[in-house]
Amino acid sequence: MSKHQDSKGKGKPLGKGNASSKTKSFVKGNAPFKKKAKQQKSSNPDEIRLNKYIANSGMCSRREADENIAIGLVSVNGTIITEMGYKVKRTDEVRFDGRRITPEAKAYVLLNKPKGFATTNAEGKGRTVMDLVANATSANIKPIGRLGRNSLGLLLFTNDEIIAQKFTNSKNGVARLFQVELDKNLKFEDFKKIQEGFKVEGKLVAVDEISYIQGESKNQVGIKIKNTGNTILRTIFDTLNYDIVKIDCVSIGHLTKKDIPRGHWKHLTEQEVNTLKML
């Protein structure tokens, strides 16, 4: 028996074997060396690497994005960026070879608009079409073209800038067909004037097509235009002394209101999107 331990086991061996020791004491200067933790660079969750932003937009892979950045094909808020690892915010305007892009997946929503909703994504305008498609997608979609607050019919929403640009070209854009109801029958001479085009304040006002609606009275006509808004319709009939009772957009290109009740929306199918891109 060790002299440090009696027969009742009151004493305990000294040294490294004392596993039950609850406290440790170190002489100053002999405390174990602790490595300083590397400071983590704070990252902004609202920022994303430029190459990832481009890749997420579907333009190309990250590696290809780096190559395009290096040769000066990418700009952020109007400034050409060639720096690798450059970060952007989702609110920045990023252009790839002159074309504005977005890191979101492309979304295409077709709404059958009812009366009483303004076509805008601005706040403070009362009830807007954005309220009607709020649950359609998390993507930052916007309406293409305009329908007056009391106008009805089809309205397309997307975050695809390429598709949006198709509608801004009044000559080669996407045609929309409107059914217009007037306060009185449209005279044949006025019908011909609209068909051939006429000038208002020195500016030519023309439509692609106009026709009386079969089976309806002469106060209802179909008009096809490529303008993004329906202001041209107001201009035409105001000039010819007709009041518009109702405007209803019944088709956009090949897209129709079939199976879309008033006030409801649907996502375009892949085939519908592909056809729209070819228009």
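## Salt bridges and a helix face

The side chains of Lys224 and Glu209 form a salt bridge with an N to O distance of 3.9 Å, the term being used for a side-chain nitrogen of Lys or Arg within 4 Å of a carboxyl oxygen of Asp or Glu. Because Lys224 belongs to strand β14 (residues 220-225) and Glu209 to strand β13 (residues 209-212), this pair ties together parts that are 15 residues apart in sequence. Helices (H or I, at least four residues) and strands (E, at least two) are DSSP runs, numbered from the N terminus.

The model is a predicted one, in which local features need pLDDT of at least 70 and side-chain atom pairs count only at pLDDT 80 or more, whereas totals for chains, interfaces and linings use all residues. Residues are numbered from 1 along each chain as its sequence is written, and side-chain values use heavy atoms, with hydrogens and water left out.

Side chains of opposite charge can pair when their charged atoms come close. Over the whole structure, a search finds 7 salt bridges, including those tabulated here.

| Pair | N to O distance |
|---|---|
| Arg95 and Glu93 | 3.1 Å |
| Arg262 and Asp248 | 3.5 Å |
| Lys224 and Glu209 | 3.9 Å |

In the pair of Arg262 and Asp248, Arg262 sits in the loop between β16 and β17 while Asp248 is part of strand β15 (residues 244-252), so the bridge ties together parts that are 14 residues apart in sequence. Asp248, at 6% relative accessibility, is buried, whereas Arg262, at 36%, is partly exposed; buried means under 20% relative accessible area, exposed over 50%, and partly exposed in between (1.4 Å probe, protein chains only). Glu209 is partly exposed at 47%, and Lys224 is partly exposed at 26%.

Arg95 has a relative accessible area of 27% and is partly exposed, as is Glu93 at 26%.

Turning to helix α7 (residues 270-278), Glu272, Val273 and Leu276 are buried there. Viewed down the helix axis, the buried residues of α7 fall within an arc of 100°, so they line one face of the helix; the arc is taken from the directions between the helix axis and the C-beta atoms. Glu270, Gln271 and Met278, on the other side of α7, are exposed. The buried residues of α7 pack against β7 (108-113), β9 (152-158), α4 (161-167), β16 (255-256) and β17 (265-267), where contact means heavy atoms within 4.5 Å.
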